[in-house]
Amino acid sequence: MLQDSFGRRFYYLRLSITDVCNFRCQYCLPDGYQGQAQQFLSLNEIDTLVNAFAQMGTSKIRVTGGEPTLRRDIVDVVASCAQTEGISKVAMTTHAGKLSSLATPLARAGLKQVNISLDSLDPAQFALLSGQDKLNAVLDGVESAIVEGMNVKVNAVLLRPWADAQLRDFTTWLKDMPVTVRFIELMETGQHKAFFKSHHVSAEPHLAALKAQGWQPLPRDKDAGPAIELAHPDYVGRIGFIMPYSSDFCDSCNRLRITALGKLHLCLFSEQGLDLRESLESGNVQAVKDFVASSLADKKVSHYLQEGITGITKNLSMLGG
């Protein structure tokens with residue numbers, strides 16, 4: 001089992017397969033994707049990587065981007081992960097613009113959970129925040145994933161001045177919608193410091209208000225992400241909060257990250273990526289295992305976001321969040 005010098009164990013790998021995205025979310029890529037064509041990890045390299053992590057105790061793989069459904073081989077990527085011995089859960093983060101047509105083949109390939117980026121249920125506000133007038137397509141993707149039996153989670157970034165409306169609209173939606181909506185505090189990144197200062201809002205008062213209304217915290221699985229999740233007997237859906245600026249946020253860290261170019265990041269806000277590409281290209285599973293295990297000695301106790309340190313992360317599309 002992978003373990004760092006602070007005793008944290010890593011059951012969960014976030015695997016980016018592209019940094020390309022065709023949405024223009026204000027807090028990530030407001031001007032659209034500006035990168036150049038690159039050679040992202042091949043299916044064979046992904047297979048080598050996932051086998052190595054599985055042999056080191058990783059049980060959950062989250063496929064991320066950019067937007068992972070822009071890769072033509074996305075179904076094959078999911079199938080490769082799901083068929084790896086030791087991997088019990090394959091998840092994906094997506095904006096869901098293409099999910100309605102992909103939900104069935106992805107489910108058959110082994111996708112168990114999908115996290116859908118959806119910051120507003122209001123069409124005009126959704127278009128403003130995402131740069132795309134595709135709310136109906138995204139909601140169709142939500143429905144398709146539910147029909148296929150996936151565990152569906154919706155990620156909404158809390159933003160000033162819309163946070164109160166976001167909480168109100170999504171809570172009403174959850175009366176009859178069997179999904180979990182996780183409200184994520186806006187995180188500062190290298191390219192969006194001014195946006196962060198003008199739009200960041202703390203989730204703490206909203207969490208406290210929901211608890212006062214009878215929402216109860218749920219236990220956290222060992223391979224779960226960092227969200228605090230709550231349930232209410234009068235609601236079909238659940239609510240979660242991801243609060244990266246809380247003092248104990250990093251205590252429960254259980255995940256590592258690989259970029260679409262094959263670099264290991266020990267933290268979303270690390271100062272550098274550690275290059276695994278040579279071992280991945282050669283298919284050397286043992287070399288990958290040795291490299292990752294030795295690299296964990298350098299994992300820091302915290303991301304230091306509270307101090308305004310954002311590391312190498314210019315935008316969230318770089319590392320898949």
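**Close-ups of a predicted model**

**View 1. Glutamine 125 sits in helix α4, which covers residues 123-130.** This is a predicted model, so keep that in mind for every view here. With a relative accessibility of 15%, glutamine 125 falls under the 20% cut-off and therefore counts as buried. Leaving aside residues up to four places away in sequence, glutamine 125 touches Ser120, Trp162 and Gln166.

**View 2. Helices α3 and α5 pack with their axes 8 Å apart.** Here α3 spans residues 99-109 and α5 spans residues 135-147. The angle of about 20° is under 35 degrees, so the two helices run roughly parallel to each other. Their crossing is right-handed.

**View 3. Here are the residues where α3 meets α5.** On the α3 side you'll find Leu99, Ser100 and Ala103. Across from them, α5 brings in Asp140, Gly141, Ser144 and Ala145. Sorted by type, the residues of this contact come out as 3 nonpolar, 3 polar and 1 charged.

**View 4. The largest nonpolar core takes in 91 residues.** Leu15, Phe241 and Leu256 are the ones with the most contacts inside this core. Helix α1, residues 43-55, supplies the core's largest share, with 6 residues.

**View 5. Leucine 256 gets a view of its own, as one of the residues with the most contacts inside the largest nonpolar core.** Not counting residues up to four places away in sequence, leucine 256 touches a list of residues including Leu2, Phe10, Tyr12, Leu13 and Arg14. Also among them are Phe53, Leu264, His265 and Leu266. Look too for Val292, Leu296 and Lys299, which leucine 256 touches as well.

Note on methods. Residues are numbered from 1 along each chain as its sequence is written. This is a predicted model: local features need pLDDT of at least 70, side-chain atom pairs count only at pLDDT 80 or more; totals for chains, interfaces and linings use all residues. Side-chain values use heavy atoms; hydrogens and water are left out. Axes are lines fitted to C-alpha atoms, for helices over the stretch in contact, and angles run from 0 to 180 degrees between N-to-C directions. Helices (H or I, at least four residues) and strands (E, at least two) are DSSP runs, numbered from the N terminus. Angles under 35 degrees count as roughly parallel, over 145 as roughly antiparallel, 65 to 115 as roughly perpendicular and the rest as oblique. A crossing is left-handed if the near helix is turned anticlockwise from the far one by less than a right angle, and right-handed if clockwise. Contact means heavy atoms within 4.5 Å. Ala, Val, Leu, Ile, Met, Phe, Trp, Tyr, Cys and Pro count as nonpolar, Asp, Glu, Lys and Arg as charged, and the others, Gly among them, as polar. Buried means under 20% relative accessible area, exposed over 50%, partly exposed in between (1.4 Å probe, protein chains only). A nonpolar core is a set of buried Ala, Val, Leu, Ile, Met, Phe, Trp, Tyr and Cys residues joined through side-chain atoms within 4.5 Å.
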